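Please look at the sequence and the structure before reading on.

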Amino acid sequence: MELIGILRLVFLVLAGIIFVALVRQVQTTTKLKGLTSIGIGCVLIFLNMIVGSLFHSNLFSDDAVMKWLVPFGFYSGYVGQTVGLLVLLYGVYFLIRSMAPLTSEHYSSLVERSIVGVYLIQDGVFRFVNPHFAEIFGYERDELIGKPFDDLVAPESKELVSGNIQRRILGEVDSLHYEFTGLKKNGERLMVEVYGNRTTYENHAAIHGTLLDTTERREAFDKLKTSNELITEILENTADTFFSLDQHWSFTYLNPSTEKYLAAVGLNRKELLGKNIWKKFPFLFNTAGYNDLYRSMYEKVPMELVQHFEPMDKWFEIRAFPTQSGITVHLRDITEQVQSERLQSAMYRISELTISNVELTECFSVIHHIVGELMNATNFYIALHDESTHVVSFPYFVDEVDPPPTPKQFGKGLTEFVLRTGEPLLAPPDKFNELVASGEVESIGAPSLDWLGVPLKTGDKTFGIACVQSYSEQHRYGEKEKEILIFISQHIARFIQQKSDEERFHAIWENSAAGMRLTDKDGTIMMVNPAFCAMAKLPEEQLVGKKFSVTYLPQYAMETENDYRKNFETETVPARLPGELRLWNGDSVAVEVQHSFIHYGANQKMLLTIFQDVTEQKKLEEQLLHAQKMESIGTLAGGIAHDFNNVLSMVLSAAEVMKMKAGDPTQVKHYADIVSRAAERGAGIARQLLLFARSEKTSMKPMHLSEIISEVDKLLQHSMPKTISIKTEIAAGEDLMMGDADQLHQAVLNLALNARDAVAELSPGKILISVKEISSAEIRKHVPECKNGNYIAVSVSDNGKGIDMTLLPRIFEPFFSTKERGKGTGLGLSIVHGIVKSHDGYIHVESVKGKGSTFTLFIPLLQERATNKPTTSKTIQAPSPPLSAGTRTHRSNVAAAPTILVADDEEMLRAMLKEILQNEGWNVITAVDGIDAVEQYRAQWEGIDLVISDIGMPRMGGEEAFQEMRRINPAAKVIFATGFVDGAVKKEMEHKGVNGIVNKPFRFEEIIAVTKSVLLG
């Protein structure tokens, strides 16, 4: 029995060796492994039971060897049975696992909750789908089990999907990743991206994998592609390769970047034009690119793939876009990218960011995560350089030691070193110390163990850097990390630039003040900006996708659409033209329109139309034209003389009478007053003409209109021929109003002079000037738009020849006149009209041919009536002493008379003004121009109390002299004298500190009053 014990031990050892060998050799299926293990386990148990029974018999001897062997053999039998039982259970585990591959708790939970579709196809039908897969296609999960996969594939993709499944079932390939067009339960189409691997299910070949719905991503990609084509035309300058093929597979276009690849096979792009791609590149036959290009050409679907070209030993990412005449192909060299699966994934994810709607700063966090998957990037930042301001900013900064820095001026840190050199830099401690010692960089922030920065570039221009740094010996950087970051930086730079370009374009498009509209060949609106929507008074959703004529009145729609198509085909749309938009709601908008055709793709174009609203500009042009007409008044000396001759005739007549009455002081004074008033009114006419030409605002004061009428009457009585009878009737009990005396005087005088001309040939001619109070209700009989209130009516009537009814609408136009040539400028009534409007009044005309005319001015009365009439001027007595004690601290004699410096280049006016001021008891010194005035002021400024200066003088004008005097004495007091100054200049002078402004010719009462006011001020 010793032999049996030995055999049993040998058997146990051999059984174990055989079991292990069989399990390692059986690699086909989990089910076969299980069955094999169960068989071996059963054999072990059975044999050990047989051998064990022998040990329990009485066949053993009692010698010493057997005493040792028997117990060992007994226990080894139990051990053998235990091993057999374990092997059997091991087989049962594999058998259960093979029979229920999809019910494992861990795997089932993962699949059931997956956000991607998971499927198993065998024998052409679905054996398993997860809930999300069924949801993608609009089915219930149970509906798909046993359903042919072909039912979920669109007709145009059935051949592709069936072929790919068959290739994997036959073992030609193990796995495939591609896109196809799917078909939902409701018939809708969708784009899906599928990953599938060959497997074995229940001893039969099957396909299992995942599926993603890429419809939205594809639509976003297509939209971005179209937008980029419309916005940019950079194919000739891009580093990427583009070429176009017609429907006969002949080259129609190759961009310059193709040259660098064609040179490798001894070709150039010029000799390829018009040549067939398959004849020139026969090695492309029977490749994935060949099949996909055919599908893109004839099924008119975009495609993309990765293809290796053996002659060039290059990997290219190929995108084909169908066009009306063929396809356009974009090639991008991704040789280095393909060398690393992780780098390929990083590029793809960064590219997805480009078409996302996520803000640029938010995308940097995703980029950081992507870089972190390729290398240690715990500390990562992106810096951008603005060349215009030389400021370096850090839009993204994550560091475990340093806080995020604020934007700073360009300095000498490692960041600036890379920006300055445009080269990658790996700076371990020895390299960093070397750069510091050479003065190239300065130490900024916490010292890092390794610092790695690479430039972000557009072409040869460096606009930023991407950087990682390490503070730990466990994470050191070398050339591998440097190459990875260099590669990733290219995509980061392109991503930043494209995002920036998109944001720049959208900013321009959205914020442009001009309305912009993009239309296709049929006139369909493709894009509009907010300014156009505001101009068209329609929201964007009611414009995009509609014909451009939707913004016009319906009666113009058909005509404009027909013209548009013709002009679009021939490209005969004017580049620039003025026009008027008659909007759908009846409004009219004056516009200046610019057209330009945008060409893209092989044979695509759209029309960009820019509308500049020039409504306000047109108004300004009309105002400018009106102002230019008014400026021409200065050249109409002959005509203006007609109005001034009346004033001059009064002056001359009064002067002649003064000669005759020289011995009678009373009469001389009387006629001298007439000369003075006539001169003042002549000056008023000149001021009014300047005022009218320059659109100066009036200066309103409370006044009684009857006083103006009385003055006009006095002037007319002395200037009218004796054949003309002038009568004045003032029936207004209350005539207090706000007005400008000179302007109203001029208005009534102009009407009276027109009446004089109308009755000049009659004998007797009659002129009646009347003043009465009138209500707004009565005025509305003639002027419906009259506002409520009480008015004063001034009428000038004559019995002259009257005005033709056809001419009445034009009589207030500038330069229009019913008089003979040379007898008037036609400005009189235009001026009257402007004066009345400036007083918020109205004018009414009644005229009968051959019977005379009546012009009536309606001027609003003051609401608060005064019981006493205000005086037109107020005399201010000279002070005694002239200045109060203590007013001037630099004088020794504070009671002395004030000293005034008069500066004017007109000798007679200067002498006259000096005499008048001296008559008031003031000391006067004079200067002939601005330089003389400044020199005298500098020499004796402490003794000069006031300067009265003309504005326009030779060598140095009054304003410049004023500035010089203020530098000498900041408290200098100055009064300017001028023939005319408009409101804006007057306000500016007052803002600069000018104390007063008086008009020429002087009214001595006015200049004395202003002088006293300033001296006392």
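A salt bridge joins Glu 259 to Arg 269, with 3.5 Å between the closest N and O atoms; the term denotes a side-chain nitrogen of Lys or Arg within 4 Å of a carboxyl oxygen of Asp or Glu. Because Glu 259 belongs to helix H9 (residues 259-262) and Arg 269 to helix H10 (residues 269-272), the pair ties together parts that are 10 residues apart in sequence. Helices (H or I, at least four residues) and strands (E, at least two) are DSSP runs, numbered from the N terminus. Glu 259 is partly exposed, at a relative accessible area of 28%, and Arg 269 is likewise partly exposed, at 22%. Here buried means under 20% relative accessible area, exposed over 50%, and partly exposed in between (1.4 Å probe, protein chains only).

The model is predicted: local features need pLDDT of at least 70, side-chain atom pairs count only at pLDDT 80 or more, and totals for chains, interfaces and linings use all residues. Residues are numbered from 1 along each chain as its sequence is written, and side-chain values use heavy atoms, with hydrogens and water left out.

A second salt bridge links Lys 461 with Glu 387, where the closest N and O atoms are 3.9 Å apart. Lys 461 lies in strand E16 (residues 461-470) and Glu 387 in the loop between strand E11 (379-386) and strand E12 (391-398), so this pair ties together parts that are 74 residues apart in sequence. Both partners are partly exposed: Lys 461 has a relative accessible area of 46%, and Glu 387 has one of 45%.

Arg 167 and Glu 172 also meet through their side chains in a salt bridge, at 3.9 Å from N to O. In this pair Arg 167 is partly exposed, with a relative accessible area of 35%, whereas Glu 172 is exposed, at 54%.

Salt bridges can also be joined to one another. Glu 179, Arg 218, Glu 304, Glu 317, Arg 319 and Arg 332 form such a linked network. In total, the structure holds 26 salt bridges.

These pairs are set within a protein of 32 helices and 33 strands. Of its 1017 residues, 42% are buried. Among contacts (heavy atoms within 4.5 Å) with a separation of 6 or more, 57% are between residues 24 or more positions apart.
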